[in-house]
Every structure is written in C-alpha cells, then in structure tokens.
Amino acid sequence: MSENKSAQNPVNLRLPDSSVRTFDGPVTGTTLASDIGPGLLKAALAIRVNGEVWDLSREIDADSDVSIITKRDTDEALDILRHDCAHIMAEAVQELFPGTQVTIGPNITDGFFYDFARDKPFTEDDLAVIEARMHEIVKRDEPIEREVWDRNTAIDHFKSIGEHYKAEIIGSIPAGEAVTVYRQGSWKDLCRGPHLPSTGKLGDAFKLMKVAGAYWRGDSKNEMLTRIYGTCWTDKKELKAYLHRLEEAEKRDHRKLGREMDLFHFQEEAQGSVFWHPQGYKVWLELEKYIRGRLGDDDYREIKTPQLLDSKLWEQSGHWSKFRENMFVVPDEVPSIDDDTPILSGDAKLMALKPMNCPAHVQVFKQGIKSYRDLPIRYAEFGCCHRNEAHGALHGLMRVRQMTQDDGHVFCREDQVTEESVAFCDLLASVYSDLGFPNFKVLLATRPDVRAGSDEVWDKAEKALEMALKARGIEFDYAPGEGAFYGPKLEFHLSDAIGRTWQCGTLQSDFVLPERLDATYIAQDGSKQRPVMLHRAILGTLERFIGIMIEHYAGRMPLWLAPTQAVITPITSDADAYATKVHAALEAAGLRADLDLRNEKINYKVREHSHAKVPAILVVGMREADNGQVSVRRLGSKDQTVLDLDDAIAALVAEGTPPNGEERSRETQANS
RNA sequence: GCCGCAGUGGCUCAGGGGUAGAGCGCGCCAUUGGUAAUGGUGAGGUCGGGAGUUCGAAUCUCCCCUGUGGCACCA
C-alpha cells in the first residue's frame, strides 16, 4: 500500500474503445474514472482489469486492459451490488444484535444470503428492522476499503473479537492466496471482494426476503446457523419486476391450482401421498395412456410387479444396506387382536414396500432361460413405489412418499448399450416435445469415488452413454463423480415456461445389479453372460410430472390433457334441448365435455368455467340452435367463433387427439 | 430430521382473555339474461390435538401433530 508514486514506471491503460491512457505510475480505478469524466466517476462501481474485477481503490501498477463497470454492465454490477448488500446486511445485523457472529454470505440466483451464528434465531419480524438499518448505512455512505492482511494476524484478530467462524474460514484459505479484509466504516469483514467504493453506491433497490436455518458448512452434523435471504437489483424498477415475477410464480403453484381446479388433495392421515380427485385423475390417465402408447411403439412390454417384497431380496440387491432408512418396512405377521392396539412380536420376517422397481424387474427377466437372441428385452412398469422421505422434504406433488414412476429396464448385451441409449434419447426428446417441453439439458454423471465394478467396466459404460449422446448430436455437460454407485447416468433437466429446470428423465447403465441378483443369458458360444441393465424413466414420476405441467401451463393444460375439454352451456333455457344434443354429440366424438344447464347468466357461467380453466366454452342460444351451430370461446381469448357443430367437433377432436411423436420420428428418420 | 413461521366454517382471510366475523362457495326464492360475478334470503365453525395458567382461553404458557419457507436428504 505505497503512497509514493513518484519514481515509478508509467502505466498504460487500454480502454474498451482501444484508446490508451497513460499515467505516471500506479493508478486506481477511481483516478482513471475521474480522469475520463465526472459522470463516469459517479457511475463507477468497480473496474475490470485484464478480465478480473477489482475494487476501484486498488492500484493498477502495470499496463492493462481495463473497463469501468457501471450499472449498465448488468451481470457484473449485480454480482458486486448483491455481495455488497450482503455485507451491509451483516453490518446492520452486528450493529443491532451485538454478539452475533458472521460466517459466509455468497450471492445466489437473484440475490444473496448471509449466515449468522446467534443463540436466538432471527425471525421474520427482525427483517424490517435490519432493512431499515441497512438503508441508514447506505445513507452514511461509508467508504469501503480493501486491506491485505497477514494470515495469522487475521486469525488472531477475528478470534479476539469472537468471530470464531471467520477465523476458521481464514484457516481454510489456501496458503498462496491473499487474506483480504474489507473495512466498511468501522466494520470489518474477511472477504475476497471486490466491493463498491462506498456503501452509498448500493442504492435502495434491495429487500430482505426470508429467514431460514442452515447448517454450518452445509453439513447436518454441524450446528445450525440462522440465514437471511435478500434480493438486490440495479434499480427499484428491476426490484419491482422481480417481486412481480415471484407473485406470478406463486399463482402457478400446483398446490393452489390443484385445490382450485379440484384435481387432488393431501391430508394428514396420509402425509406425502396424493388423493387424486376425478378431475386430476383424468389428467393422470391421459398422460399414462400417452406414455403407454409411446413405450409400446418402442417395443417395451408392460409388466406389473409386487409392492411388498421380502427383505431377503433387498439385502441381495444392496438396498437394505444402503437405502433402508428410506424404506417402509412391514412385519409379515398377524397382529394380536386381543388389545386395542396391535401387538407385534418383533421377531417376524420383514417385508418392505418397494422403493424402486428394478429388483422386481430382474426377477421377471430371470424367469426361464434367456438367449442372446432375446436381447434386448425392454420391460416397462407404471411402478408404484414408496419412499420414507424426511418430513421436511415433502412438497406437494413434487416430493411425495408414494409415487408412480414411468419406469423401465432394458436388459441388453454390452454391445447394445449405445444403440439402446440412442433409442431412449430419441424417445425422451420426442415425448418432452409432445408434452410442451422442447428444451432440456443433459448431464453425464460419471464414476463416483465409492463405486462397484472395475475401471474397465466404468470406461465402457461411460463411453457407451457418451457415444449415444454424440450419435444424436445432443449437447451435454459432465457431472463428475455424480454417477450412481453401480454405473454412470444421464440426467435430463427440462426447462419450464418460467425458466426453472427440473430433473425428470434419467438413463442409468448398470453392470452391478444383474450380478448381485444373478441375471444371465446364454451367449452365442453357449456361455452364461451377464446382461447390462439400463434403468430409464422419462417423466420420472407421474405425480411430480403432473405438478410440473400444472405450473408450466399455469393450469391451462393443452386440450388433449385437460380434465374437462369443453363445456356446453345455453344462453337461455329455450336452448337447453339443443345444448343437450350438442353435449351428446361431443361425448359421442370421444371428447370430455360437461353440460351446464344452470339457470345463471351467461357472464357468470363464462367466468366460472374460465376460472376452472376449461379450454373451450361452447355457448348456444336460439340463433345457434336454429342453424345447427355453436359459438366457441377459447380459454384466454375474449373472441368467439361461430361454427357449424360438425366443424367445431372435428376441430376439437383433432386438437384433443394425443400427440404420438410421429412428426418427430419422421424428421429423425429423414435426417439419419 | 434441523431452524423459522402458520393452523379460525368447503375456499380466502379478519378478530383476539368474557362464551365467534366477512367475502366467495353452498341451499332456497325470484330472475330466461348473448360471452369473466342478477337480486334477495338461509344454513354452516367452538377457532389443529393435548395439558396448564385463569372465575373465564379461540385469544397466554408448554408439549405434540400437520402445513409452509429454507437447510440436510433426494438411491
């Protein structure tokens, strides 16, 4: 931190427009900005130096490419603003609640959080107070200064002021890295930076959102800290837009829509399991029918396997040792009926509700002797599984304890893994497209540290999946070490209408389970061989996927999936007879239609059915009755179209016919 | 499982130590209205469960359950 700039070499700074400014010696971003102009100085937040973002106060002592960062550089600006906002929050918290320790406070999507250690956790009521203090700190416009400290000095300092977590963090900073401390007014925090030149630059476009518990270093064995989440934007308008987005997302909440549309419910006697109502189950059945059709086209054969299986099988498959804590275990015993409560002896054989279908599918495969000529064998099952998920994990349809997977297992030879994987990727892409999710990302999760099987086998397995992706030109990223213990997997993450991603599909190649459960086939040379098992699912679970679709479509399902596809309603009771006839005609055409003959005004009925998100309202009055027509009003539109009844039915039937991926498979064939 | 918050009629929510309120919905009556709420009227709850404090608790305290926002978990 030398103040002596006289006898230094000149420093040339090249700006984004390629112009170069020369200074006598080391120069700060602040000096550069003021040299360019007062407007820029005022707007400057930080400076990019040879690609790295620096504080404005940091001296640049060598020729560099630089650019001043202002709020116009949205991404960089937000990174800095949000992190400063976290610091200002921490300062406010420590001013208001002395004795609170700070830990870490990183940026996250749309905002930041900071974890504090405090005997009494913060509550939502504290947020307004903290926020008010933050605005004060911004008003104080405290200068923020970067200091490089000696590691041990820093540790001693933070220990001496009772910041034991910070001291621990410094201890874990790699040896070669500088320990930087930022001074913000009289408040200090260990931080990598960069930061704004002063708190006043933050502005007022921030808001504290919620409090939550979080484990120190993300480990549930550690103590729980108290976390405060906040959001921060370049200006008030952006903040408002963000809050509006949250409100819009809330409106799509499948739990809310599920209640409003009478699709399903939960109750405490079956926590985590869904009661599907008639309307919701129509969606389920339609989706299941569609998937069943697609699987049939790809030569899967549907099976159905038991719910309750002996623990012996789970021991053999490996689930008993690894996944037992998530399994519902049932003693195979008749409980005593002498008392009010069932008395169990405790020494009965144990059964378990299946958490997965794969061991059962192996049992089906193992019936009879299989030849290499029989492979691949593709089994599908809408397998109902139970998993004892932690109470805190349950979340509407998205995380349930009883779930139905669109599960399937392909038993094949090693040399068939790639082509089977290609076929699966094609099927999955086509299904997602049919269901309204054309965009998805793929991750290839490779071998974890703890794994079964030799490296040679893993090489083969990973390669096979990779080749499948490349064969179809599917872009993907690696997820190193994220594979299952028995084999690598592909994860398919789809994007919904409001930009969120959901992992639904999966393809896992498994060389281990066939061995554990002793599945074999007879090879061409007469030897016994192990088949490779491909675990695959497209939707994942029906429950969760329907939840995702409800939110994706905001309840406005495409016509073929809508529980009620059309409502027919007369304007006056004079048209009741005709409306009844129209209704019968729609039902005869296979459409799911309701007839609303209630004595209500048409406005009222249109409003109600629009709220119920019925895709088509067919209004008939005497005009339509006399001409054999219907007035069609589509959901989301204020317009009406008067059509001949037959034409209207034909259009609805066409739109209500489930897609079958034909378009896509034709394209695929044309391209290959 | 851990931390915070919540739990009032079918739904959304107000109230808050002296024996429960609103809107919507529902029932009934009138209204036959041309595309997002016709008018009137009536019936619904003992305030998640248990214990305690109190003359008295839905309202305060404690415990439990469930939900919810996160954390951990998600084979």
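**Notebook: rings, pockets and a helix**

I started with a cluster: F424, Y432, F437, F440, F492 and F545 form one aromatic cluster. Before going on, I noted that this is a predicted model, where local features need pLDDT of at least 70, side-chain atom pairs count only at pLDDT 80 or more, and totals for chains, interfaces and linings use all residues. Residues are numbered from 1 along each chain as its sequence is written, chains are lettered from A and ligands numbered from 1 in the order in which they are written, and side-chain values use heavy atoms, with hydrogens and water left out.

**Entry 1: ring pairs**

My pairing rule takes rings of Phe, Tyr and Trp (its six-membered ring) with centres within 6.5 Å; planes under 30 degrees apart are stacked, over 60 edge-to-face, and the rest tilted. I get 19 aromatic pairs by this rule. I looked up Y379 and F411: their ring centres are 5.9 Å apart and the planes stand at 70°, so this pair is edge-to-face. The two belong to distant parts of the chain, with Y379 in strand 22 (residues 377-386) and F411 in strand 23 (residues 402-412), 32 residues apart. Helices (H or I, at least four residues) and strands (E, at least two) are DSSP runs, numbered from the N terminus. Both Y379 and F411 are buried; here buried means under 20% relative accessible area, exposed over 50%, and partly exposed in between (1.4 Å probe, protein chains only).

Y432 has 0% relative accessibility and counts as buried, while F440 at 22% counts as partly exposed.

**Entry 2: helix 13**

Does the span of helix 13 (residues 417-434) agree or disagree with 1.5 Å a residue? It agrees: the 18 residues should span 26 Å, and the end C-alpha atoms are 26 Å apart. The expected span is 1.5 Å times one less than the number of residues. I also found 14 of the 18 residues of helix 13 buried, so the rest of the structure largely encloses it. After helix 13 comes G436, with a positive phi near 95°.

**Entry 3: pockets**

I searched on a 1 Å grid over the protein atoms alone: a cavity is a set of points where a 1.4 Å probe fits but cannot get out, a pocket is an open set with protein on both sides within 12 Å along at least five of seven lines, and lining residues have an atom within 4 Å of a point. Grid points are joined across faces, edges and corners, and a volume is the space filled by probe spheres set on the points.

The largest pocket has a volume of about 1,100 Å³. It is lined by 35 residues, of which M356, R387, Q405, K489 and Q508 are closest to its centre. Strand 30 (532-541) gives the largest share of this lining, six residues.

The second largest pocket has a volume of about 750 Å³. Among its 18 lining residues, D110, K210, Y242, L246 and A249 are closest to the centre. Which element gives the most to this lining? Helix 7 does, with seven residues.

**Entry 4: cavities**

I count two cavities of 30 Å³ or more. The largest cavity holds about 70 Å³ of space, and its lining includes M356, Y486 and H535.
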